[in-house]
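Dear colleague,

Here is the structure I said I would pass on. My notes follow below it.

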Amino acid sequence: ENTELGNGDKTISVEVVAEDKSITFTIHSSKDNLRDALEEHKLIEGEDGTYGLYVKKVNGITADYDVNQCYWGFYKNDESMNTGVDSVKIADEDRYKIVYTK
């Protein structure tokens, strides 16, 4: 079910798509980057690596390439993100999509 979370001066939309299901989180945050805004509400988990956080779990669903050749694809305003969640600066009304990808 779509959910609204947090308090803050920026409002972003994060749609999580996995196995023909979709849920949208409207997040209000004062954080500066996407990782912090998502971790603030425990929506993502992963391992820190060379390029920042390697996201393995989103909203409780695990995608681990080493285990099942699946991963989480990240999109901003419908375009694939070329950087990790650590370096993505958020702005009011940004739209993100996180897709379970096989």
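In which helix do E39 and R35 lie, and how many residues apart are they? Both are in helix 1, four residues apart, about one turn of the helix. Please keep in mind that this is a predicted model.

Salt bridges

The whole structure has nine salt bridges. One of them joins the side chains of E39 and R35, at 3.2 Å from N to O. E39 is partly exposed, with 30% relative accessible area, whereas R35 is buried at 14%, the cut-off for buried being under 20%.

R35 also forms a salt bridge with D48, where the closest N and O atoms are 2.8 Å apart. Because R35 is in helix 1 and D48 in strand 4 (residues 44-49), this pair ties together parts that are 13 residues apart in sequence. D48 counts as exposed, at 58% relative accessibility. Through shared partners, salt bridges join R35, E39, D48 and D86 into one network.

Another salt bridge pairs E15 with K97, with 4.0 Å between the closest N and O atoms. E15 belongs to strand 2 (residues 10-18) and K97 to strand 9 (residues 95-101), so the pair ties together parts 82 residues apart in sequence. Both ends are partly exposed: E15 has a relative accessibility of 23%, and K97 has 28%.

N33 sits in the loop between strand 3 (21-29) and helix 1 (34-40). N33 is buried, with a relative accessible area of 13%. Its side chain reaches two backbone nitrogens: that of R35 at 3.1 Å and that of D36 at 2.8 Å. Apart from neighbours within four places in sequence, N33 is in contact with V85, D86, V88, K89 and I90.

Two asparagines with positive phi

Most residues other than glycine have a negative phi. N59 has a positive phi of about 50 degrees and is found in the loop between strand 5 and strand 6 (61-62). N77 has a positive phi near 50 degrees and is placed in the loop between strand 7 (71-76) and strand 8 (79-80). N59 is partly exposed, at 35% relative accessible area, and N77 is partly exposed, also at 35%.

Surface

Y54, Y65 and Y71 form a nonpolar patch on the surface, with about 300 Å² of accessible area together. Of these, Y54 lies in strand 5 (residues 52-58) and is partly exposed, with a relative accessible area of 32%.

Regards

Notes:
Residues are numbered from 1 along each chain as its sequence is written. This is a predicted model: local features need pLDDT of at least 70, side-chain atom pairs count only at pLDDT 80 or more; totals for chains, interfaces and linings use all residues. Side-chain values use heavy atoms; hydrogens and water are left out. Buried means under 20% relative accessible area, exposed over 50%, partly exposed in between (1.4 Å probe, protein chains only). A polar contact is a pair of N or O atoms within 3.5 Å; within protein, one must be able to donate a hydrogen and the other to accept it, and residues adjacent in sequence count only if both atoms are side-chain atoms. Contact means heavy atoms within 4.5 Å. Patches are made of residues with over 30% relative accessible area and no salt bridge: like charges are joined within 9 Å, nonpolar side chains (Val, Leu, Ile, Met, Phe, Trp, Tyr) within 5 Å. Accessible areas come from the Shrake-Rupley method with a 1.4 Å probe; for residues, only the protein chains shown count as cover.
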